[in-house]
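Keep the structure open as you read.

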Amino acid sequence: MRVEAKTVDDSRVETVHIIRPTHLNGANRLFGGILMQWIDEVAGIVAKRHSGANVTTASVDNLTFLHGAYQNDLVVIKGKMTWVGSSSMEVCVDTYVENPAGERHRINNAHFMMVALDENDKPVQVPRLTLLTDDEHLAWSHGEERRRIRIRRKQEKLDGI
């Protein structure tokens with residue numbers, strides 16, 4: 001049975017990683033590629049929970065590294081659905097370093113466009129997103145604006161601009 005709509009909380013994800021020596025780059029900070037893998041996985045889980053289907057990453061917007069993370073830091077990655085089209089979904093992923101007192105400081109932010117796929121890797125319809133809070137409505141409107149920008153950029157590439 002196909003679900004007609006889901007809330008943001010229905011697919012929300014939070015993961016925690018401890019930074020080990022194998023996660024470090026030459027400057028002894030968390031290697032950006034490792035963090036990108038972790039946040040892509042979180043975005044994929046959010047999209048899979050929402051859609052109930054296999055998903056693929058179509059694009060990543062605004063991957064912004066704000067601060068570094070170091071060996072033995074706890075890295076908390078939170079993902080949530082912000083916008084839904086017919087088969088595409090925008091997932092916001094925020095990354096934090098958590099100190100021993102439990103305080104979190106954001107170190108990364110990214111927006112992923114995910115697409116739900118059927119067993120033949122063809123796009124498939126996803127449930128609508130039911131927005132319950134003012135913050136969710138605001139995130140939706142920002143997601144619509146990012147979608148317009150992505151469409152414009154895609155067209156510019158097709159036009160050779």
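What follows covers a helix, the nonpolar core, a surface patch and the salt bridges.

## Ground rules

This is a predicted model, so local features need pLDDT of at least 70 and side-chain atom pairs count only at pLDDT 80 or more, while totals for chains, interfaces and linings use all residues. Numbering runs from 1 along each chain as its sequence is written, and side-chain values use heavy atoms, with hydrogens and water left out.

## Helix α2

Let's start with α2, which covers residues 134-158. Helices here are DSSP runs of H or I with at least four residues, strands are E runs of at least two, and both are numbered from the N terminus. With its 25 residues, α2 reaches 36 Å from first C-alpha to last, close to the 36 Å expected; that expected span is 1.5 Å times one less than the number of residues. After the helix comes Gly 160, with a positive phi near 80 degrees.

Which residues of α2 are buried? They are Glu 136, Ala 139, Gly 143, Arg 146 and Arg 150. Buried means under 20% relative accessible area, exposed means over 50%, and partly exposed is in between (1.4 Å probe, protein chains only). An α-helix has 3.6 residues a turn, so residues three or four places apart point the same way. The cover over the buried residues of α2 includes strands β3 (54-65), β4 (74-84), β5 (88-98), β6 (104-117) and β7 (128-130).

## The nonpolar core

The largest nonpolar core has 31 residues. Such a core is a set of buried Ala, Val, Leu, Ile, Met, Phe, Trp, Tyr and Cys residues joined through side-chain atoms within 4.5 Å. Touching the most other members are Leu 30, Val 75, Ile 77, Met 89, Val 91 and Val 93. At least two residues of this core come from each of α1 (32-51), β4, β5 and β6, and α1 gives the most, with 8 residues.

Now zoom in on Val 91. Beyond residues up to four places away in sequence, its contacts (heavy atoms within 4.5 Å) include Ala 43, Val 46, Ala 47, Phe 112 and Met 114. Over in β5 you'll also find Ser 88, which is buried at 16% relative accessible area. Leaving aside neighbours within four places, Ser 88 is in contact with Trp 83, Met 113, Met 114, Val 115 and Val 126.

## Salt bridges

A search of the whole structure turns up 9 salt bridges, each a side-chain nitrogen of Lys or Arg within 4 Å of a carboxyl oxygen of Asp or Glu. In one of them, Glu 4 pairs with Arg 128, with the closest N and O atoms 3.7 Å apart. This pair links distant parts of the chain, 124 residues apart: Glu 4 is in the segment before β1 (5-7) and Arg 128 is in β7. Both Glu 4 and Arg 128 are exposed.

Arg 106 and Asp 94 also meet in a salt bridge, at 3.1 Å from N to O. Arg 106 is in β6 and Asp 94 in β5, so the pair ties together parts 12 residues apart in sequence. Arg 106 is partly exposed at 39%, whereas Asp 94 is buried at 13%.

## A surface patch

Val 16, Ile 18 and Leu 74 make a nonpolar surface patch of about 210 Å². Patches are made of residues with over 30% relative accessible area and no salt bridge, with like charges joined within 9 Å and nonpolar side chains (Val, Leu, Ile, Met, Phe, Trp, Tyr) within 5 Å. The areas come from the Shrake-Rupley method with a 1.4 Å probe, and for residues only the protein chains shown count as cover. Leu 74 is found in strand β4.
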